[in-house]
Amino acid sequence: MKTAVGFLVFAVCATLGGLVAGFLGPGLRPVLAAGALGTGLVLGAAAWIFCSRPERRIPGPLDWLVIAVFLLASARAFLWLIYPAGNEWRVLSPNNLGDMALHLQFIRYLASGVAFWPASPILSGVPMSYPIGADLFNSLLLLVGVPVERGLIWVGLAGAAVTLYALWRWGGAFAIAALIFNGGLAGFLVFQTGQIQDFQADVAWKNFFLSMFVTQRGLLFALPAGLLLLHSWREIAEGRAGLPFVVQWLLYASMPLFNAHAFVFLSLLLAALFLGLREMRGFALRLVGAAFVPASVLVTFVTGYFSAGAGVRFLPGWMQADGGFVFWLINFGALLIALPWLAWAVRRDRIARCFVATGLVVFVLCLLFSFSKWEWDNMKLFLWAWLVCVPWLWSAVIRPLPAIARAAACFLLFFSGAVSLAGGLDGRHGYGLASRSELADVAYRIRLIPPTDRFTVDPRYNHPIILLGRPVYCGYDGHLWSHGLDYTGRMENLRAILRRDPDWMERVRGLDAEWVYFEQPGRTIIPAGARAPSNTSESPGP
């Protein structure tokens with residue numbers, strides 16, 4: 001516990017220090033990044049010193065087996081998170097192509113000296129609307145000399161290690177399995193096809209480890225921090241000492257900077273504890289009261305001053321469409337029985353009832369409403385609704401069963417996810433993200449252009465200008481749409497310029513950008529906006 005808390009406090013304080021330094025700078029510089037990381041180290045060490053050691057739990061043989069699988073999966077996923085192969089940069093997972101491109105842009109952009117709160121690097125004229133905590137932390141590492149690719153791997157491995165410990169403290173081996181093996185019935189296709197692959201990639205309820213933990217970088221901080229908060233709140237409700245209050249305040253109040261969905265879920269759980277447990281009311285009021293101002297400020301920032309569209313809408317059946325009952329059976333499988341059974345099993349346990357009820361209510365709400373533009377993003381809440389229930393799913397439902405029935409229940413809950421995990425991490429994978437020589441060539445061409453100048457480029461997720469961290473006039477539409485940004489007019493203007501419509505030169509002069517990048521001929525860069533001459537003509541870049 002001490003080491004996990006110390007690491008999280010270090011990461012959170014360094015990131016918050018970087019945020020403050022970005023405002024005071026203005027923008028981040030190497031000396032400011034070193035100061036933020038140094039401050040984080042000091043405060044992390046203080047947290048390690050003052051955090052008490054918890055009661056020791058000794059894993060059994062099956063526990064060690066699950067722990068070993070998590071460690072091997074994490075090593076495979078993060079050591080090959082991004083890696084060179086000949087002239088290519090590759091990523092292991094196809095789920096991570098678009099996400100990795102976005103994070104590379106954000107990390108390099110935040111480290112470029114841009115003033116805070118930064119303008120969006122993916123769309124001109126709007127503030128950044130994204131929980132940048134994890135990327136900001138990697139920007140600090142970049143500024144003190146850690147290459148981006150290496151920093152991504154280091155942070156991934158460290159986050160996985162702390163998450164493993166947090167899962168163990170929260171729900172033992174069953175909670176670890178719940179993250180890496182979640183699934184319905186899709187994986188049982190292995191018996192029909194004879195092939196091991198990620199069968200859940202084609203259904204809505206995907207493997208959490210593959211689809212979220214590896215790709216959603218904010219979870220590397222938010223997941224272990226949130227799980228340790230859940231563990232601490234359960235300890236307090238049971239009359240034992242939890243984490244030091246200042247640590248809980250720090251982890252909870254900073255959560256919006258890393259993962260907005262985690263902050264929403266934890267806030268709902270605090271409300272449930274306040275309403276359901278009289279002895280928790282004073283604590284919940286103090287924690288929420290202390291966190292209200294800093295958390296509200298961070299929420300204001302990560303929503304781009306509430307400029308991004310939330311996309312909340314009534315969507316009964318979630319992603320069911322015309323699937324009917326088959327959709328529920330394939331996606332959720334044994335959960336259709338296990339979760340109602342759990343609700344009945346904990347009905348007389350006041351503490352369990354608060355935690356489980358919060359999870360089940362959020363689960364149902366996610367089946368009735370979409371909470372973002374992309375309905376699949378509900379999985380970011382499903383994750384917490386599932387994990388908050390698993391300790392009692394084990395203790396109140398599965399463990400009391402006879403040994404054979406207990407084994408059968410675990411098999412039904414986790415076999416599909418285990419097949420997907422093995423298929424998603426096997427040696428057949430590896431997907432090209434970018435040409436290393438092209439990146440080097442473009443970096444040389446734009447070396448004299450100020451890092452905050454905005455480019456108009458072909459809106460593909462892996463364009464070299466984007467991967468190099470330069471802000472663009474209108475980026476990849478998948479990112480723009482999922483972030484709730486209104487980009488239609490800019491995208492139409494952009495495509496007219498790139499097609500070189502008859503009025504493209506006039507459009508160039510009116511751009512909210514400094515440069516236009518044409519792929520052909522020969523990666524040509526021309527000035528735009530106020531810099532564009534009245535007789536714009538193509539000319540090589542700097």
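**Stop 1: a network of charges**

Select Glu438, Asp441, Arg445 and Arg523, which salt bridges link into a network. A salt bridge here is a side-chain nitrogen of Lys or Arg within 4 Å of a carboxyl oxygen of Asp or Glu. Side chains of opposite charge can pair when their charged atoms come close. The structure holds 15 salt bridges.

Before going on, note that this is a predicted model, in which local features need pLDDT of at least 70 and side-chain atom pairs count only at pLDDT 80 or more, while totals for chains, interfaces and linings use all residues. Residues are numbered from 1 along each chain as its sequence is written, and side-chain values use heavy atoms, with hydrogens and water left out.

**Stop 2: Glu149 and Arg108**

Select Glu149 and Arg108 next; they form a salt bridge whose closest N and O atoms are 3.2 Å apart. Glu149 belongs to helix α6 (residues 148-180) and Arg108 to helix α4 (residues 97-110), so the pair ties together parts that are 41 residues apart in sequence. Helices (H or I, at least four residues) and strands (E, at least two) are DSSP runs, numbered from the N terminus.

Is Glu149 buried or exposed? Glu149 is buried, because its relative accessible area is 15%; Arg108, at 22%, is partly exposed. Buried means under 20% relative accessible area, exposed over 50%, and partly exposed in between (1.4 Å probe, protein chains only).

**Stop 3: Glu519 and Arg460**

Move to Glu519, which forms a salt bridge with Arg460, the closest N and O atoms lying 3.0 Å apart. This pair links distant parts of the chain, 59 residues apart: Glu519 sits in the loop between β7 (515-518) and β8 (524-527), and Arg460 in the loop between β6 (455-456) and α21 (464-467). Glu519 is partly exposed at 24% relative accessibility, and Arg460 is partly exposed at 25%.

**Stop 4: a nonpolar patch**

Finally, select Phe325, Leu329, Leu336, Ile337 and Trp341, a nonpolar patch on the surface with about 510 Å² of accessible area together. Patches are made of residues with over 30% relative accessible area and no salt bridge, with like charges joined within 9 Å and nonpolar side chains (Val, Leu, Ile, Met, Phe, Trp, Tyr) within 5 Å. Accessible areas come from the Shrake-Rupley method with a 1.4 Å probe, and for residues only the protein chains shown count as cover.

Which helix gives the most to the nonpolar patch? That is α15, with three residues. Phe325 lies in helix α14 and is exposed, with a relative accessible area of 58%.
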